[in-house]
Each structure stands twice: as C-alpha cells, then as structure tokens.
Amino acid sequence: MASVHESLYFNPMMTNGVVHANVFGIKDWVTPYKIAVLVLLNEMSRTGEGAVSLMERRRLNQLLLPLLQGPDITLSKLYKLIEESCPQLANSVQIRIKLMAEGELKDMEQFFDDLSDSFSGTEPEVHKTSVVGLFLRHMILAYSKLSFSQVFKLYTALQQYFQNGEKKTVEDADMELTSRDEGERKMEKEELDVSVREEEVSCSGPLSQKQAEFFLSQQHYLSYLNNLRVQDVFSSTHSLLHYFDRLILTGAESKSNGEEGYGRSLRYAALNLAALHCRFGHYQQAELALQEAIRIAQESNDHVCLQHCLSWLYVLGQKRSDSYVLLEHSVKKAVHFGLPRAFAGKTANKLMDALKDSDLLHWKHSLSELIDISIAQKTAIWRLYGRSTMALQQAQMLLSMNSLEAVNAGVQQNNTESFAVALCHLAELHAEQGCFAAASEVLKHLKERFPPNSQHAQLWMLCDQKIQFDRAMNDGKYHLADSLVTGITALNSIEGVYRKAVVLQAQNQMSEAHKLLQKLLVHCQKLKNTEMVISVLLSVAELYWRSSSPTIALPMLLQALALSKEYRLQYLASETVLNLAFAQLILGIPEQALSLLHMAIEPILADGAILDKGRAMFLVAKCQVASAASYDQPKKAEALEAAIENLNEAKNYFAKVDCKERIRDVVYFQARLYHTLGKTQERNRCAMLFRQLHQELPSHGVPLINHL
C-alpha cells in the first residue's frame, strides 16, 4: 500500500480531508467525497438490471458526469441528488458509507481492494478506457501511493465527512417537523442555505486538474482569458462573444444597474473585442470595434470606458499609421487642459511634476499596480531623454518593491507589463555599459517569469534580439546580425527595417541601405515617431559621408539636431552634434569640430553607452591630430601625445563591448602616431595588433577615416 517513493509524489500535509499530492502523472487524489462516489459506482454495478428501472438508470448515468468532474460537495447534498434519480440506490449508498465510516480502517482498505475486481473477467463490469473506468483507475492508483499515516488521515476525514452529513440530515428532518408558517420556513431556509455553503467550503479541498478544467469550461470569461493566454484566436473570440451574449440575455447587468446595464455590457463587449483583435494583430477589426465602443460610451456619457478606449487608441496608433489621426483628435482635450506629454517636447521637470501629483494618489490609496506603471513610465521617460543613470535608478526602485524569488517558493510575484518593461530597460542599460553577463541574468529571469507563450513575452524577446544584434555588429559578425533581423522584424517591423539598413551599410551595400532608409524615414514621419526619425537621419548622413559626400550630409544632420532640440531629446542631440563634428573634420575644419565636441562630449561621457563614449574619444583624438598639422614641432608632439592618451581611453571603451572593428581602427591610428613620434617599439606592437585584427575583420574597402 505504501510506496517507497512516496516523498517524490506526495506531501504528507493534509487539509480538510484532502491528501495534497505533488503529482507526476497522477492528476487526481482521494477525498472522502470521491470515496462516496466510488461507493455509488460500486452499488450501481452490483444492482441488477431488474432492480432499477430504465428511466432511473438513465437519470443516474446523466448524474455521474457532473459528479466525477465537478468539485466536492457535502454528503447530504450527494444523498439528495442520488435520491432524486433513484431512491432505492440512495438508501443502499447511505448504508454502505455508514458501515464503512462506523467500522474500522480495514473496511476502507478492503473496499479499495475489491474495486480492482471491476476490471476482471472476460466481460468486466467497467471498461478500462471509459470515463468511469479512468476515474476508478486514478482513485486506485492514488490510494495505493498513500503511506499508512496518510491512509489513517483519509479514514478520519471520511468519518468526519459522514458525521457532518448525518448531522445535516437530522437538521433537515427537525426543520420539517418544527416549521409552523411560511415566514418561519423562509427564514430557516435562508439560514440552511448559509450553513450549507459554509459546510461546502469547509469540506472542499483544492480542485484536481480535471475539476479545474471542468470549472473553466463552464466559465465563459475565464475560458476567454485562458484561450487568449494560449493564443487560440477562434476559441477566445467565441468565448468572449458567448459571455456577453449570455450576460445580456440573462439580464444580469440590468438587475444591478437598471436600464444602464444593457448598454454597459454592449460597450465593454466592443472594447474587449477591440483588445482581442489588437492582441492578435488584427488592427483594422480592432479599430472598428473600438469606434463602436467609443460611440456607445459617448451616448451613455461613460468617461471611464472612454479613458480605456483612449489607451487602446494609443496602442493602435503605434501599430497603424491611419489610426494616429484619431488618436491626435482624442488627446486634444488633454492638451486643452494643459496635461504634459513626453512627445510634445515638454521638459523633464514638468513631466515629473505631473506624475508626482498622480503618484500621491496612488501611494495614498495603496494602488500598487498603478505605482508600478508610474515607475515604469519614469524609467522610459528618462531613457527617452538620454538620462541612463536616472532610468537605472527608477528601474532598480521598481525591482526593490517586488520580489525576485522563484515561482515555486510560494512568493506572490509581479508579472505585469510594467514590471517586464522595467526589467527589459535594465537589461538594455547593462548591455550598453558592456555588462553582458548581468544583462544575461536579467534576461534569464525574464524568460522564467514570462514564458514564451505568455502575454508579455514579446517584450523580452525583442530586448534579447536587439542585444544579440548589437553584440554581433560590434564583433564584426554581420552575417549573424543579418540572421537576427528576421526575428526583430517579426516583433517590431520598424526596428527590424532599421537594423536591416544598418547591416547593409556595414556590408558596404550603400544603395540598398539608402533605399531602405528613405522608405523608413517617410513611414516614421507619417507615424510621428520622432526618435526613430532622428536615428534614420543620422544613418542617412553617415551614408553620405562614407560615400565622400559630406556636404550633402549636413542638411540631414541639422534637421536631426532641430528635432532633438525641439523634443528635448538631449542624448540624441549630443549624438547629432558628434556627427556634425565628424562632418566638419572631413571638410577640413578640425578646430570648429573640436569646439562642437566640447558641447556634446559631457552628456555622452555622463550618460552615454560605452560604444558612444569610445566613438567620442576616438573623434577627439582625430580632431587633435588634424589640428596639430599646423603646429610647430614641440607643440605638435605634445598634441600627438594627448591624442594617443585619448586613443587608449577609446580603445578601453571599445574593448568592454568587444568591438574589434573599432579597436582595429584605433591601433591603426596609434601606430601612425607612434611612427611620427619615433617610438618604434610601440609602433610595432600596434602594427602587429592591427594586422591580426585586419586579417580577422576585412575592411570592405571603406577608408578608415570615414568611419565614426
């Protein structure tokens, strides 16, 4: 009876008569209620066909399925259900359970031993693969895995289950004898209902997997959420529509909300349908459903529903270009009341003041989910403005408020979108600083916390693909970076197209990269995606100067600088100034390039990525060398020594992100400078390192001076 491996299969703890099982392959466990059902099945098999009429047997068969799949119920309720189907069998079941509960433990053991006889013989009473047969086999197997102490606890729970049932039966009989008038009967019936519910709660343990699946199949909205989780379009749509159809037809809403309930169900049905279509990428259908929800909400003056619609309009505005017009029309009221928006070019202090007022209400009322959303918004805003230190601080604050313990430790976890966004920002910030091991740990936690089939898994998938892409580009593995573009495009089409153009540019396919960037520029300008517009303008400018046309690149850079200043995107503005300085260096005015660099280098060194810090120091060294051409010999030697120091700093930055291509460029310059200064040993060391890297990373025919 007891299993040698019981510690692997069962937890000896027991609550409300249920032996809790850590089941591997066994999806059910024995409870006193299920023993009573087993007694019913056994009595049905022992009763001859003549003793039970055909109609009674049909009613019993119809009763079995909900008894097998439903949750545990009280013994008195089970007696009542059986009696309604077959009174004779109800009496036999009651006697059999009484003998077992008032007898000894060996009576229960003998009962389970006799259950195996149902499958014996040439014509067994129960087929092994039938619904009843599977239930019997599960119970026999689960009982055989119990230790002696667990069997004793189960028998004690059975005795308590029987005593509660007998007590309830006596109370029912006394009620019928002592009831006097209808009012008293009604009051006592209400008290009885309360006591029955309390008893049902006290006797019910955790649901088995089959019971949970049966419960979910009867709850249409839960079924909708479950189908949505597993990405089942047809079933989730069917469950959602069926839920609201039943809600409207039954009048459940109207009972609590008067005549308003019917319209409320309609508008929230349309809103949920819009969210469903948006989740599966059906943006046109989502917009139609959203417009219907807005129309009904406006007719009912439901501002809460309209606010939900506005948030989904924003999501659609990011997905479809033609939805952005509707979004702009919807936020006019926000502009009218002076509500600041990040993409409206407001300063950081005004945005933070606006968020501070809402944060006071969130903290006052302990609205934890809204607090998390606010912190995630601040993280994104600081990154948008180029303040990586502040963004890191906000992300760490959100992490400190929530547990990072494993799921199986029994800790309540925060698995919301805001938490996933904050963790993705944290991974990207670490990767930008060359801390790839830390970024990998964050991504590992994201994968465990948000499995691939979960709702917010696409956030970390895109983050992971972008980090891998950047590492491949830094390492000069353009073929690997190109293979990652497909995955990025599937998750974010705009980001994917931009990364494809970056790969083509690195592979010296200038015309193809230029065509792709021009199409992307028009598309992003239509979507008013300012951040991507600036990035595309910088890439187009780089194409021009790498094609020996720096004068054509200047208007692009000035346009990017104007947009960065207008929307107060400080980091992008600094990067644009860096590109302008490089263009001036190519045009032969290194003194003005150095003046521009003094304006841009401080924000880059303070909050920039490691790669951008290295690019900035490399450019400073180039400008110093170009400016030293007109100096006298002592001053020129001093300038070249300073340039070598800046090159060493740039090389250290590039080494942190394993950017071999840029390290090759740095050692090339260092070798030339050491040769000019007459330092043969240092020159030979740099020349040897350059040769090794040059053989590993071909230059694709691009002049080294034309690469920022």
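Is serine 239 buried or exposed? With 6% relative accessibility, serine 239 counts as buried (buried means under 20% relative accessible area, exposed over 50%, partly exposed in between, using a 1.4 Å probe and protein chains only). Before going on, note that this is a predicted model, where local features need pLDDT of at least 70 and side-chain atom pairs count only at pLDDT 80 or more, while totals for chains, interfaces and linings use all residues. Residues are numbered from 1 along each chain as its sequence is written, and side-chain values use heavy atoms, leaving out hydrogens and water.

- Serine 239 sits in helix α12 (residues 233-250); helices here are DSSP runs (H or I, at least four residues), numbered from the N terminus.
- Not counting residues up to four places away in sequence, serine 239 touches His220, Ser223, Tyr224 and Asn227 (contact means heavy atoms within 4.5 Å).
- Leucine 225 belongs to helix α11 (residues 220-229), and its 38% relative accessibility makes leucine 225 partly exposed.

**Helix α31 and its bend**

- Helix α31 (residues 590-607) has 18 residues, so at 1.5 Å a residue it should span 26 Å, and its end C-alpha atoms agree at 25 Å apart (the expected span is 1.5 Å times one less than the number of residues).
- There's a bend of about 40° in α31 at alanine 600, with proline 603 following within four residues (the bend is the angle between axes fitted to the seven residues ending there and the seven starting there).
- Buried residues of α31 include Leu594, Leu597, Ala600, Ile601 and Pro603.
- Among the elements covering those buried residues are α21 (388-400), α30 (570-586) and α32 (610-627).

**Alanine 573 in α30**

- Alanine 573 is found in helix α30 and, at 6% relative accessibility, counts as buried.
- Leaving aside neighbours within four places in sequence, alanine 573 is in contact with Leu561 and Ser564.
- Alanine 573 and alanine 562 are eleven residues apart in sequence, and 8.3 Å apart in space from C-alpha to C-alpha.

**Two loop residues with positive phi**

- Most residues other than glycine have a negative phi.
- Asparagine 508 has a positive phi, near 65°; you'll find asparagine 508 in the loop between α26 (493-506) and α27 (510-527), partly exposed at 34% relative accessibility.
- Lysine 528 also has a positive phi, near 60°; lysine 528 lies in the loop between α27 and α28 (530-546) and is partly exposed, with a relative accessible area of 49%.
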